[in-house]
Amino acid sequence: MKTLISTIMLVWIGLFSVESEAQTVKGAITVGKSSELKLETKSDNLIDLFIDFRKERYPILFSFQGDGIKSKEGREIIFFEFITEVYHNGKLVGKTSRNPMPYIPGDMIIGTEGFDFISMLSYNEKSRATMKETPGKLAQGSYQVKLLARPLESKGQIRPATFSFNIQ
């Protein structure tokens, strides 16, 4: 009986020590200081939306902290895969992910290029037919864009951001 209890204790301590050495992250992506934002669009042209993001009217902020994230070289680096989903009238029209990139803990502004939503909004089934006559023109309806970051080889999660807008 003592041997069984000792074995259970050793297994429990071993699991606890492995768990405590695991890399964990927590954080969020925000657009314009919010995880859910309703944008006011000036026109039905995507270029105007792109300009608003470029001029940081709607900055995309990626922020995270971590525990136990030191690499063998002593650097605090976590690799993240960024995923973008674009919806039009509730239907998924595009989803893409970027190759994983290393990031250090803290706050970072990420440009629109980090999330490919401009290209997905500008080149999809609905825009192909009118691309030459009206480049960048968005079809009428409601749009929703989800921005996600997934840590690789780490526990925890990053709260995604969603922004939406309507084209009349």
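The largest nonpolar core of this predicted model comprises 34 residues, and Phe62, Phe64 and Phe117 have the most contacts inside it. At least two residues of this core come from each of strands S1 (24-31), S3 (60-67), S4 (78-88), S7 (106-110), S8 (141-151) and S10, and from each of helices H2 and H3 (117-122). In general, nonpolar side chains tend to be buried together in soluble globular proteins.

- Beyond its neighbours within four places in sequence, Phe117 touches Phe53, Ile60, Thr84, Val86, Thr112, Val145, Leu147 and Phe163.

**Cavities**
- The model contains two cavities of 30 Å³ or more, and the largest cavity has a volume of about 50 Å³.
- The lining of the largest cavity consists of Glu40, Thr41, Lys42, Ser43, Asn45, Asp48, Leu49, Asp52, Leu138, Phe165 and Ile167.
- Helix H2 (46-54) and strand S10 (161-167) are the elements that give two or more residues to this lining; H2 gives the most, with three residues.
- By residue class, the lining of the largest cavity holds four nonpolar, three polar and four charged residues.

**Fold and surface**
- The protein chain has four helices and ten strands, arranged along the sequence as α-β-β-α-β-β-β-β-β-α-α-β-β-β.
- Of the contacts with a separation of 6 or more, 73% join residues 24 or more positions apart.
- Of the 168 residues in the protein chain, 32% are buried.

Technical notes: Residues numbered from 1 in each chain as written. Predicted model: local features only at pLDDT ≥ 70, side-chain atom pairs only at ≥ 80, totals over all residues. Heavy atoms only, no water. 1 Å grid on protein atoms, 1.4 Å probe; cavity = no way out; pocket = protein on both sides within 12 Å on 5 of 7 lines; lining within 4 Å. Points joined across faces, edges and corners; volume = space filled by probe spheres on them. Nonpolar A, V, L, I, M, F, W, Y, C, P; charged D, E, K, R; others polar. Core = buried A, V, L, I, M, F, W, Y, C linked by side-chain atoms within 4.5 Å. Buried < 20%, exposed > 50% of the residue type's maximum accessible area, 1.4 Å probe, protein only. Contact = heavy atoms within 4.5 Å.
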